[in-house]
Every structure is written in structure tokens, then in C-alpha cells.
Amino acid sequence: DIHVVHRAEPVGVLRGHSRPVRHLAWVGELLVSLCAGRRLNAWRVEGEEADVDTPTLTVQLSPELEPSALLHPATYLNKVLIGCRSGALELWNLRRARRVHRFAGWGTAVTALAQSTAVDVVAIG
């Protein structure tokens, strides 16, 4: 479960994962969560309000994908980058709920993703 708090006051609890949540990222007004069960959920959270009943978006990722990092690239609208234990990276469009691109990677696990100050550049660890 994800507990939403606004100015020290509980707003609600976001439920929708059957396994522990491993990664969180903000994409505009959406809080994106990724759990150990490879489920990607997006919740609309605005100020003191949260749609706690159902996620705005739910995507079940493929079984061969083992997510290990999550990042919203700053200049990419409605997109998240998912790093995998296999070293691969996937760019997902949240509005269309589909994968935009898969990068093969370098054959070693992605353990961290960080936004660069340069446009269209992220650090991959």
C-alpha cells in the first residue's frame, strides 16, 4: 500500500499491488508505482485529493522483465524509463499504456537511473 499525506494530514491509501512496492516516480500529477510483481500503476494525485479507489493506469509487465530502477525523464511527457536486472532499459508511454522503445543495454544490471541537466541525457548505473 502507498499512503498519501498532504501537509502532515492523511489523504488516503492507494491500493492496487499484490506484491511490495519497489519504485515510485512522479510524472506530472501522476504518482507511478512499480511493484515486485511487475505491475506498473499510475495514480492521479492532486494536492489534497487522491483517487484512491482505482489506479488511472495499470500495466502488467512481461515475466522476463525484472525491474530494478524507475525514472521519469524530465523532458519526456507521460514517459517513464524502467531499468532491468538484465541490463535492458524500456521507455514506456503512460498515456497510451505501451512500450515505446527497448534498449538492449550493456549486459549488466541497471541499479540506478538519474536525470542529467543536459536535455535527453540520463545517467545509468
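This is a predicted model: local features need pLDDT of at least 70, side-chain atom pairs count only at pLDDT 80 or more; totals for chains, interfaces and linings use all residues.
Strand β3 (residues 21-27) is joined to strand β4 by 6 bridges, and the two strands run antiparallel.

**Pairing of β3 with β4**
- Within this antiparallel pair, Trp26 stands opposite Leu31 in β4.
- The hairpin formed by β3 and β4 has 2 residues between the strands, and Gly28 in this hairpin adopts a positive phi near 65 degrees.

**Pairing of β4 with β5**
- On pairing with strand β5 (residues 39-46), β4 is again antiparallel, with 5 bridges between the two strands.
- The hairpin of β4 and β5 has 3 residues between the strands, and Arg38 in the turn has a positive phi of about 65 degrees.

**Burial of β4**
- Strand β4 (residues 30-35) is largely enclosed by the rest of the structure, because 6 of its 6 residues are buried.
- This cover extends to both faces of β4, with Leu30, Val32 and Leu34 buried on one side and Leu31, Ser33 and Cys35 buried on the other.

**Arg95 in a loop**
- Arg95 lies in the loop between β10 (89-93) and β11 (98-103).
- The relative accessible area of Arg95 is 65%, and the residue is therefore exposed, the cut-off for that class being over 50%.
- Although Arg95 and Leu77 are 18 residues apart along the chain, their C-alpha atoms are separated by 9.1 Å.

Methods:
Residues are numbered from 1 along each chain as its sequence is written. Side-chain values use heavy atoms; hydrogens and water are left out. Buried means under 20% relative accessible area, exposed over 50%, partly exposed in between (1.4 Å probe, protein chains only). Helices (H or I, at least four residues) and strands (E, at least two) are DSSP runs, numbered from the N terminus. Two strands pair if DSSP finds at least two bridges between them.
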